[in-house]
Structures are given as structure tokens and as C-alpha cells.
Amino acid sequence: MLDLAQSRLCRLFCLFILSALGTTGCGNSYKVSKLKQYRLAIAAGSTPEFVTGFQTLIKDYNGFAGSTVLTFESSPADANSSIIITKGLVTSNAEGLGTGKVGLGQWLSETNVENPVTVIPGQSAKETIRYSMRVEFDYDYMTTKTHYELQKLFFHEVGHGLELNHNLTDVHDVMYPDVGVGETKDFDAYFTYVRNYMADQ
Ligand SMILES: [Zn+2]
């Protein structure tokens with residue numbers, strides 16, 4: 001298990017939204033609407049088993065959160081977020097980063113921010129943020145691990161999609177970089193964050 005520790009480190013793509021969330025320089029209010037509707041579909045690597053598996057993981061997620069945070073779409077055309085299942089993700093050399101060890105899962109933000117081209121003096125500028133994500137998982141890991149291990153990995157990667165960063169100090173935190181360290185994870189603390197995050201509209 002330990003020799004896999006490094007490979008489990010998932011890459012972070014820290015694409016923070018740096019847009020102004022307060023007011024513009026000229027004093028006009030800046031209206032921001034946040035559309036946190038995560039509709040996920042398996043965009044690559046789908047099998048009937050994965051469809052059932054991810055439906056269950058999403059049901060688990062919403063159950064812990066106490067509301068519908070994620071929805072599963074059978075067709076990618078109906079989704080705004082992608083699940084990718086890749087054989088050999090752990091050792092793939094995608095994008096030429098690091099040692100070529102991507103890890104068991106990774107997350108990419110696909111959040112889209114729409115801004116008006118011009119701000120009309122005296123009127124509010126409106127910004128719409130459509131939250132979405134792309135999460136990618138290793139085929140071998142997803143077909144051999146226990147349901148609890150899959151929850152740990154899935155919740156971790158989705159956590160990035162909900163703007164959570166790594167917690168480097170607590171191995172029981174879902175957002176500790178290595179999901180294999182810390183046999184049990186503190187789902188309660190994690191989903192407290194999720195509830196607060198979703199409430200911030
Ligand atoms: Zn991570």
C-alpha cells in the first residue's frame with residue numbers, strides 16, 4: 001500500500017475564480033448569480049457496471065449532504081459535468097506533468113463565468129457563474145476497491161469541484177491528498193462544508 005502513496009496524489013488544478021465578487025470600481029453593484037447544478041454523466045469509459053456504480057455514489061453523496069447536490073444523467077448531452085474512466089490513469093503521462101503518475105483520480109474545473117462585455121453606467125453588471133467539473137478515475141481502482149474506498153475517492157475529487165483545496169495536515173480529512181492514507185475519513189466535516197457551499201448562492 002505504501003509504495004502507492006505517491007501515485008495516489010492527485011494533481012490539483014487550482015483554477016480559482018478571481019472575478020470581482022463585490023463592487024466595480026465605479027461603484028455600480030455587481031450582481032453575481034451562481035448556478036451550482038452539477039449534472040454528471042459518464043463521458044468516457046462507460047459500462048453498465050459503472051453507470052450503476054456512479055448512480056450509487058451520487059445517491060450516497062446527496063444522502064450525506066441532505067439535498068440534491070449532484071444528479072446523474074444517462075446522456076452526456078444532458079450533463080454539464082463529465083466523469084471519465086481511464087485505464088492506466090495511475091501511470092498515464094497526461095499533459096507531461098510531474099513523473100507521469102497522475103493518481104487514482106483527478107479533477108478539472110470546467111466552471112464557466114459569463115461577464116457582460118460592457119458595464120452600462122448606472123446599471124448593475126451581471127455575472128453568471130455556471131459551476132461544473134470534470135472528474136477522472138482509474139479503471140483498475142474503480143473495479144477492484146470496496147465501496148467505502150470508492151466513496152473516499154469520489155467525494156475527494158468532487159470536493160475539488162466544489163472549490164475545496166487539499167488539507168495536508170489531517171489524514172482523516174476527505175481532502176487529504178492521499179485517499180489511501182487514513183483508513184477512515186471524516187465525512188461529517190466534509191459534508192458540513194458541502195452544505196454551506198451549496199447554501200452560498
Ligand atoms: Zn486532490
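Which residues in α1 meet which residues in α3?

**Entry 1: the model.** I worked from a predicted model, in which local features need pLDDT of at least 70, side-chain atom pairs count only at pLDDT 80 or more, and totals for chains, interfaces and linings use all residues. Residues are numbered from 1 along each chain as its sequence is written.

**Entry 2: α1 against α3.** I looked up the contact and found Leu57, Asp60 and Tyr61 of α1 meeting Leu150, Gln151, Phe154, Phe155 and Val158 of α3; contact requires C-beta atoms, placed from the backbone, to lie within 7 Å. By class, I noted six nonpolar, one polar and one charged residues there; Ala, Val, Leu, Ile, Met, Phe, Trp, Tyr, Cys and Pro count as nonpolar, Asp, Glu, Lys and Arg as charged, and the others, Gly among them, as polar.

I then took the axes of α1 (residues 48-65) and α3 (residues 147-161), which come within 11 Å and cross at roughly 70°. Axes are lines fitted to C-alpha atoms, for helices over the stretch in contact, with angles from 0 to 180 degrees between N-to-C directions. The two helices are therefore roughly perpendicular, a term covering 65 to 115 degrees.

**Entry 3: the sheet.** I recorded an open sheet of three strands, ordered β1-β7-β6, with mixed pairing. Helices (H or I, at least four residues) and strands (E, at least two) are DSSP runs, numbered from the N terminus; pairing needs at least two DSSP bridges between two strands. β1 (30-35) and β6 (112-114) are the edge strands, each pairing on one side only. β6 and β7 (residues 125-130) run antiparallel and are joined by three bridges. Asn112 stands opposite Arg130 in β7.

Conventions. Parallel < 35°, antiparallel > 145°, perpendicular 65-115°, else oblique. Contact = placed C-beta atoms within 7 Å.
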